[in-house]
Amino acid sequence: MSDELDRIRREMHAVLQPPGVRPDDSLQITRRTFIHRSLLFGAASVGQTFAWWPLLNTIDVAHAAEAPFKFAWISDTHLYERSLNTRFVDKVVRAVQEVQAMDPPADFLIFGGDLAQLGKIEELELGVELLKDLKIKKYYIPGEHDWYLDMGKKWGELFGQPNWTFDHKGVRFIGLDTVSRGPDYWTAKKMTPEERMGHMATLDGTVAGAWAGVGREQLDWMQKTLAEWDKSKPIVIFSHNPLYEYYPPWNFWVRDWREVNDVLKPYTKVTNIHGHVHQVLYNEIGSMRSIGMLATSWPWPYAPEGVPKLTKPMIRVDPGDPFDGVGWETVNVNADDKVDVEYIMWGRKEVFVRSPEDHDKSIEEVIQPRIADRQYPWENP
Amino acid sequence: MINTSTFLCILRRSTVAGAVVAAAVVVGPASANKDPVTPKQLKLYQEAFMEEVRKGDLLFHGDAAMAEQLGVKLSTTGWACAMCHPMASDTHPHAFPKFQQSMAKFATLRDMINWCIEKPNQGEKIDPESEAMKALEAYITWSNTGSVLVPGKY
Ligand SMILES: [Fe+2]
Ligand SMILES: [Fe+2]
């Protein structure tokens with residue numbers, strides 16, 4: 001781990017995890033979010049990470065359900081125009097059909113961002129057209145790929161306000177915009193909208209910087225939204241980026257996670273569900289638990305460092321099968337007040353690693369940021 | 001004990017050394033690596049390498065202009081190498097050559113690069129000796145600098 005990341009990681013744990021702080025103890029761990037019980041009670045070595053204990057059942061967002069219900073999550077479809085790439089279209093069609101076929105039906109769908117690949121009007125409209133076949137209520141939050149061609153203009157016309165809140169059967173749901181507050185990297189360099197989008201659309205780019213954030217005014221809005229909410233009642237927060245720090249070089253974080261934690265600290269039953277990482281991810285930060293969702297388009301590899309210890313990693317995928325490593329999710333709120341996240345990964349019956357060799361990080365690697373989007377370092381001794 | 005300049009002096013006087021120097025004068029560049037390397041040379045070598053790394057980086061990230069310059073079509077799906085391999089992660093150049101399950105054969109990194117171009121990217125396979133291939137190889141290995149060789153590892 002780099003010194004800088006190590007420093008931040010230590011700070012994060014000092015800030016967020018003072019002794020004894022965890023998500024509410026009445027919560028249980030779902031078999032489907034698959035965290036390792038032994039890891040909840042202390043640090044574990046890498047070896048232990050693979051020595052799985054029997055898995056427990058379901059996350060309990062206690063007091064949630066007045067009646068059992070389910071909702072579905074789809075994100076990171078990264079649609080190109082249909083003429084360029086039909087595979088991504090096929091996968092959205094499949095996800096939509098499967099959500100539509102849920103029985104009993106999902107109460108609603110959350111679309112978690114990155115509908116488009118390059119933020120084009122045609123791409124966003126294609127997404128709307130494909131999702132039209134899904135007849136349930138739909139809620140959208142933006143991803144960075146949707147935003148930086150026209151700074152959210154088309155997205156706003158199609159989907160309205162990027163952050164929102166509603167209550168459903170005893171749970172307060174909040175959608176956040178974690179993408180629109182990137183630092184201005186384009187004006188001084190006189191970039192075209194396409195160039196601006198190109199840098200934003202490159203996960204490992206070095207130009208767009210630390211773009212993921214919630215922002216002061218949205219934090220204030222969230223605080224106001226939660227002010228009247230009972231501290232022990234469940235809250236589910238949707239965001240494109242994870243609300244903690246996993247791997248900043250790929251914006252697998254929000255830069256203001258400290259402030260987010262300040263707002264959420266008083267609430268004991270907070271679940272964050274996020275996209276962007278295109279991978280199975282689980283973490284507990286302070287009193288919040290956080291679950292990363294699959295993309296329909298393609299899986300990102302786990303970052304070279306910073307994967308939360310509580311994550312049971314997804315299986316290394318077959319790059320020859322476009323339906324492997326991707327899919328969608330159902331979130332089931334049961335009659336006994338438990339919330340259960342189920343990953344639907346098309347290429348697999350077994351979503352999670354069974355052995356170290358099944359993990360994409362079974363071969364250790366040291367990698368570094370790209371250079372072609374920077375000045376040559378060797379020209380500036 | 002013998003100091004460096006005396007040692008060089010002795011070499012130059014010997015007939016064997018004399019012959020080598022004479023041959024080197026005839027064939028030219030062969031003499032270069034008989035002389036101590038200069039900072040200027042080091043800079044040139046490094047620049048030659050980094051220029052290929054830069055080209056490979058651009059190809060790897062789907063840069064259309066660089067693909068055209070090198071005469072290759074690495075993708076027809078909009079997909080670029082970096083979309084599954086940010087910072088060239090999970091390319092594992094330090095694990096090749098190895099038996100590669102996806103190809104069902106013993107494979108080199110170049111084989112793997114061509115497989116990815118052909119299958120997921122649906123592009124056109126490139127000549128293993130082409131500049132594009134060497135540039136991709138340069139970028140991938142450079143980005144994995146510091147990774148420990150584990151040839152053959154799954
Ligand atoms: Fe995405
Ligand atoms: Fe994203």
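In helix α3 (residues 86-100) of chain A, A:Arg94 and A:Glu98 are 4 residues apart, so about one helical turn separates them. Helices here (H or I, at least four residues) and strands (E, at least two) are DSSP runs, numbered from the N terminus. The model is predicted: local features need pLDDT of at least 70, side-chain atom pairs count only at pLDDT 80 or more, and totals for chains, interfaces and linings use all residues. Residues are numbered from 1 along each chain as its sequence is written, chains are lettered from A and ligands numbered from 1 in the order in which they are written, and side-chain values use heavy atoms, with hydrogens and water left out.

**Salt bridges**

- A:Arg94 and A:Glu98 form a salt bridge, with 3.0 Å between the closest N and O atoms.
- A salt bridge is a side-chain nitrogen of Lys or Arg within 4 Å of a carboxyl oxygen of Asp or Glu.
- Over all chains, the whole structure has 22 salt bridges.

**Chain A with chain B**

- In this interface, 35 residues of chain A are in contact with 38 residues of chain B, where contact means heavy atoms within 4.5 Å.
- About 3300 Å² is buried between chain A and chain B, 60% of it on carbon and sulfur atoms; buried area is the accessible area (1.4 Å probe) that two parts lose on being put together, summed over both.
- Between chain A and chain B there are 2 salt bridges.
- B:Asp57 forms a salt bridge with A:Arg370, and their closest N and O atoms are 2.7 Å apart.
- The side of chain A that touches chain B has 19 nonpolar, 7 polar and 9 charged residues.
- Ala, Val, Leu, Ile, Met, Phe, Trp, Tyr, Cys and Pro count as nonpolar, Asp, Glu, Lys and Arg as charged, and the others, Gly among them, as polar.

**Helix packing in chain B**

- Helix α3 (residues 39-60) of chain B packs on α7(B) at an angle of about 95°, with the axes 7 Å apart.
- The two helices, α3(B) and α7(B), are therefore roughly perpendicular to each other, a term for angles of 65 to 115 degrees (under 35 is roughly parallel, over 145 roughly antiparallel, the rest oblique).
- Axes are lines fitted to C-alpha atoms, for helices over the stretch in contact, and angles run from 0 to 180 degrees between N-to-C directions.
- Residues of α3(B) in this contact include B:Phe49, B:Asp57 and B:Phe60, and those of α7(B) include B:Leu136, B:Ile140 and B:Trp142.
- By class, the contact of α3(B) with α7(B) has 12 nonpolar, 1 polar and 4 charged residues.
- The axes of helix α6 (residues 109-118) of chain B and helix α7 (residues 131-143) of chain B come within 11 Å and cross at roughly 105°.
- That angle makes α6(B) roughly perpendicular to α7(B).
- Among the residues making this contact are B:Leu109 and B:Ile113 of α6(B) and B:Leu136 and B:Ile140 of α7(B).

**Backbone features in loops**

- A cis peptide bond runs from A:Asp103 to A:Pro104, with omega near 0°; A:Pro104 is in the loop between α3 and β3 (108-111) of chain A.
- The peptide bond from B:Phe96 to B:Pro97 is also cis, with omega near -5°, and B:Pro97 lies in the loop between α5 (81-84) and β1 (98-100) of chain B.
- A:Asn251, a residue other than glycine, has a positive phi near 55°.
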